[in-house]
Amino acid sequence: MRSFITCMGECLIDFLPLPGEKKNDEFRAYPAGSPLNIAVGVARLGQPSAFASKISDDYFGRRLRAYIATNGIDTRYLSTAGAHSTLAFVAMEAGQASFDFYGEGTADALMTQDDVPDKLFAETKILQIGSVSLLRGTTPDTVLSTFEKLKGQALLSLDPNIRPSLIKNEAHYRTLLQKLIGLADLLKLSDADLDWLMPGQAPETALQQLSQQGPALVVITQGAAGAMAMRKGGTPIQMPGFTIEVKDTIGAGDTFCAGLLTYLADQEILSHEVLAEITDDKLANMLRFAAAAAALNCLREGADPPKREEVEQFLIQHSS
């Protein structure tokens, strides 16, 4: 039985400066990684969530496993490696955020097809991929192969979450993205992703072009301005964002993506054909649900997706 929204890709530890500290020598460690954040978001929103990754057996890997389990995410698709965990440090230098990433040869970059069990292909109703897992080691080929094998069997969702500073071979990466976009049923991009992928293109034009490349639905998030979406053969729909006092935007895009996937699973929109026929009303409701989840995430520090009841209450409060 296909029961899981499975998120596949990297998991790591983010080291962020302690709040209020002027020096950069004191940090707090947070479990992180876009696919993991999405898996957490899905679980908190009430859909069965599973995570597929390769995790180190070091201290940080054990901490990541505990975090995954504590959030109610199924761990049956996790494998273990003797390599170290991926670490990322964010510090402030001359008033600007600097980012240092330690991910070469780390556990989550070493996934092979042997790490993807047959039951994942039988039990997954939506597969979510993207982000740094498309850039390092053997994991990108493994993700692509899994995406290809599940085409037509599960709903395939891609959020590239492009990190230009980590791209070493731009031509190869662009080729991989084009393959994945052609396979994806749902493509979610941020406006920053769009600027890198299709520089100079207006969102409306980009939606038209991307929808012709394969996806049944393309969604572009635009920060505080909200989001735009277009189904294959349709016209763009704009959903404004919510007016809130933003505390932190970390994890907002991941939480938005979790909202999209949860809504689709709630409505049993689980195939390319059904997604391509989504009504304007359902599309608007989906964008609003996802935007509400992202807004709540922005009201607190770090990637901290809300629970279902929080989103429902938020939507009631902002119904006028």
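**Close-up 1. Salt bridges across the model.** Searching the whole structure turns up 13 salt bridges, each one a side-chain nitrogen of Lys or Arg within 4 Å of a carboxyl oxygen of Asp or Glu. Keep in mind that this is a predicted model, where local features need pLDDT of at least 70 and side-chain atom pairs count only at pLDDT 80 or more, while totals for chains, interfaces and linings use all residues. Residues are numbered from 1 along each chain as its sequence is written, and side-chain values use heavy atoms, with hydrogens and water left out.

**Close-up 2. R44 meets D304.** Here R44 and D304 pair up in a salt bridge, with 2.6 Å between the closest N and O atoms. R44 sits in helix α1 (residues 34-44) and D304 in the loop between α10 (280-297) and α11 (308-317), so the pair ties together parts that are 260 residues apart in sequence. Helices (H or I, at least four residues) and strands (E, at least two) are DSSP runs, numbered from the N terminus. R44 counts as partly exposed at 21% relative accessibility, and D304 is partly exposed too, at 27%. For these labels, buried means under 20% relative accessible area, exposed over 50%, and partly exposed in between (1.4 Å probe, protein chains only).

**Close-up 3. K151 meets D185.** The closest N and O atoms of this salt bridge between K151 and D185 are 3.1 Å apart. K151 comes from the loop between α4 and β9, and D185 from the loop between α5 and β10, so the bridge ties together parts 34 residues apart in sequence.

Close-up 4. R231 and D280 join their side chains in a salt bridge (2.6 Å, N to O). With R231 in strand β12 (residues 227-231) and D280 in helix α10, the pair ties together parts that are 49 residues apart in sequence. D280 is partly exposed, at 41% relative accessibility. Elsewhere, salt bridges with shared partners link R44, R300, D304 and E310 into one network.

**Close-up 5. Helix α5 and its buried side.** Y173, L176, L177, L180, I181 and L183 are the buried residues of α5. They cover an arc of only 155° around the axis, which puts them on the same side of α5; the arc is that of the directions from the helix axis to the C-beta atoms. Their packing partners include β8 (124-129), α4 (139-150) and α7 (203-211), with contact meaning heavy atoms within 4.5 Å.
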